[in-house]
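Subject: Structure handover

Hi,

Here is the structure I promised to pass on. Have a look at it first, and then read on for my notes.

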Amino acid sequence: MIIIRNKIELGSFLQLQRENGLTIGFVPTMGALHEGHISLLMEAKKQVDFTVCSIFVNPNQFNDKSDLARYPRTPEKDALMLEKAGCDVLFLPDVEEIYPEEDKRVFDFGKLDKVLDGAHRPGHFNGVAQVVSRLFDIVQPDKAFFGLKDYQQLLIIKALTKQLNLKVIIVPCAILREKDGLAMSSRNMLLNPAEREAAAIIPQLLSDAKSLLKAGKNMQEVKGLLESKLSKNQIYKLDYLELCNASDLNSINSLNKSGESIILIACFVGKIRLIDNLVIN
Ligand code: AMP
């Protein structure tokens, strides 16, 4: 695996690969890698000839600066994991490389960036769009791989590529989970042992919500029941628990009969905010 920090160098190196007829797959990350990230790389390796993974903690997508300061960084371990998994190039730019000047672009995603994480983290998805459009511009991938764990982000990226008229194919990848069901996340390593154990309630709430909805309860009733479960322990603070159409994230009160529905949750466990979701056919 080659590690490249400079975008011009990466651009010319990838141009050579393209001239050799290779297709390029891209896995953007913020590092502190876990098996969920590696599963995206494995999917990329199945679908393309040449893989690029980036690690860049994007300051523009953190509305909470203390969240940015505490975001875990494990670059040496990440590089070893990627090398072992057979990644071809690790792109490791610093902030000046990505933002030589301030990015003032404001994207319009309609309602999509105003709900759920968009409502709770103002400016977050605009920052995501800024960095992903810059990374796509540098890497010019044939395919880019994103986790369904960040479902709203995935819809934003799809909208972004449409808006910018990009050729890249966005490939959604399944959520990898720990044994107790907790979705793998870089933020999990910030949890202390008691919080880590308590965090397993998040996937349980999603599956409880699914069962209750399938049994005919509406989402308002489900929320009431599950919120009272959470309120028993002060370690939790719920940001949202919503049922939406999976296609556009419009809020609904009972399961969509003609398309997919999705239950999405964001919940603090101690100081750490975790998100998860469950798609229901
Ligand atoms: P992050 O480093 O958290 O920005 O994530 C980088 C990419 O990995 C995003 O496309 C995420 O959706 C994806 N990802 C994060 N956690 C998981 C997981 N548990 N399973 C699958 N993909 C994930």
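A quick definition before the sheets: two strands pair if DSSP finds at least two bridges between them. Strands themselves are DSSP runs of E with at least two residues, helices are runs of H or I with at least four, and both are numbered from the N terminus. Keep in mind that this is a predicted model, where local features need pLDDT of at least 70, side-chain atom pairs count only at pLDDT 80 or more, and totals for chains, interfaces and linings use all residues. Residues are numbered from 1 along each chain as its sequence is written, and side-chain values use heavy atoms, with hydrogens and water left out.

Three strands make an open, antiparallel sheet in the order 7-8-9. Strand 7 (236-245) and strand 9 are the edges with a single partner strand each, so one side of each has no neighbour in the sheet. On average, neighbouring strands here are turned by 10° against each other, direction ignored (axes are lines fitted to C-alpha atoms, for helices over the stretch in contact, and angles run from 0 to 180 degrees between N-to-C directions).

Strand 7 and strand 8 are joined by nine bridges and run antiparallel; L243 has I263 in strand 8 as its bridge partner. Strand 8 (residues 261-269) is also joined to strand 9 by nine bridges, again antiparallel, and there I262 is partnered by V279. The hairpin of strand 8 and strand 9 has two residues between the strands, and G270 takes a positive phi near 60° in it. Helix 11 (residues 219-230) lies across strand 7 and strand 8, at about 160° to strand 7.

How many residues of strand 9 are buried? Seven of the nine are, so strand 9 is largely enclosed by the rest of the structure. For the cut-offs, buried means under 20% relative accessible area, exposed means over 50%, and partly exposed is in between, with a 1.4 Å probe and protein chains only.

Strand 1 pairs with strand 4 (residues 89-91) in the parallel sense over three bridges, and I3 stands opposite L90 in strand 4.

Contact means heavy atoms within 4.5 Å.

**The cavity**

Searching the whole structure turns up one cavity of 30 Å³ or more. The largest cavity has a volume of about 40 Å³. On a 1 Å grid over the protein atoms alone, a cavity is a set of points where a 1.4 Å probe fits but cannot get out, and lining residues have an atom within 4 Å of a point. Grid points are joined across faces, edges and corners, and the volume is the space filled by probe spheres set on the points.

What lines the largest cavity? The residues are K149, L182, A183, S185, N188, I202, L274, I275 and D276. By class, five are nonpolar, two polar and two charged. Strand 9 (residues 272-280) gives the most to this lining, with three residues.

S185, one of the lining residues, is in the loop between strand 6 and helix 9. At 16% relative accessibility S185 counts as buried, and beyond four places in sequence S185 is in contact with H34 and K149.

**Two more residues**

A199 lies in the loop between helix 9 (193-198) and helix 10 (201-214) and is buried, at 0% relative accessibility. Leaving aside neighbours within four places in sequence, A199 is in contact with L182, L191, V269 and L274.

N281 is in the segment after strand 9 and counts as exposed, at 72% relative accessibility. C-alpha to C-alpha, N281 and A199 are 25 Å apart.

Cheers

Notes. On a 1 Å grid over the protein atoms alone, a cavity is a set of points where a 1.4 Å probe fits but cannot get out, and a pocket is an open set with protein on both sides within 12 Å along at least five of seven lines; lining residues have an atom within 4 Å of a point. Ala, Val, Leu, Ile, Met, Phe, Trp, Tyr, Cys and Pro count as nonpolar, Asp, Glu, Lys and Arg as charged, and the others, Gly among them, as polar.
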